[in-house]
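Let's take a friendly walk through a protein model. Have a look at the structure first, and then read on.

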Amino acid sequence: MLTPWELERALHALSAVPISVAAMSLSDARFESLEAADRDLAERWHPDRRQSFAAGRACARRALSYWTWRPPRVGRDARGAPLVPLPYKLSISHNRQFAVACATVDQGVRGLGVDVEEGGRVSSDMTSFIVTGEELDDVRQGRVAADDWATVIFSAKESVYKSVYPLVGRVFDFKDVTLRFEGDGFGVRLSSRLDLERGVIVEGRFLVSDNCIVTTCMARSFEGEGT
């Protein structure tokens, strides 16, 4: 069984730039450790949701504390996405076993996304809502190096959403994203209705280990390249 330490090590290995990573088992989280404002927010939630929220916030604090002795408070936008001030970039995810958080202060990183899923998360009747024709071609041609390719694609698009949403400022669908796979990496093409600044490239990587699928994605600035 994958341990939180092994999950942290895997996430470090997936990153193209220096990041800080924290992972923990949901069972180790303590609701009482939340800041007062977060406790008030989550007080009436279902216990499982409170537990995952507490674990995610604990991981976020630990990931941010790598970069500063006084980590900023993690806020929430109108849709519940975590908010931190610049220069920090932060992403949080959880499944039924783990919570994870990744953070960076790399100025070339415009958006950061992480996602962790249990194997078999996506059933065959869900793929038509998630997977594009080009991605199915990659699967048929063996470019997606995973038996549970549907969950890999789902998780990768969750990571893409987290990394791109702050930049486009709008909600978008799974099929607004097309992934092109090569080994354990994937490039990202967004639909024409999602405008990114010139010079921003979105790409990511994935790992499958012990029935756990982990993906990371970064929107990075490459100003000056190809001009």
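At 59% relative accessibility, Tyr 66 counts as exposed, where exposed means over 50% relative accessible area, buried under 20% and partly exposed in between (1.4 Å probe, protein chains only). Trp 67, with a relative accessible area of 26%, is partly exposed. This is a predicted model, in which local features need pLDDT of at least 70 and side-chain atom pairs count only at pLDDT 80 or more, while totals for chains, interfaces and linings use all residues. Residues are numbered from 1 along each chain as its sequence is written, and side-chain values use heavy atoms, leaving out hydrogens and water.

How do the rings of Tyr 66 and Trp 67 meet? Rings of Phe, Tyr and Trp (its six-membered ring) pair if their centres lie within 6.5 Å; planes under 30 degrees apart count as stacked, over 60 as edge-to-face and the rest as tilted. By this rule there are seven aromatic pairs. The rings of Tyr 66 and Trp 67 have centres 4.8 Å apart and planes at 80 degrees, so this pair is edge-to-face. Trp 45 and Phe 53 are also edge-to-face, because their centres lie 5.0 Å apart and their planes stand at 75 degrees. Both Trp 45 and Phe 53 are buried.
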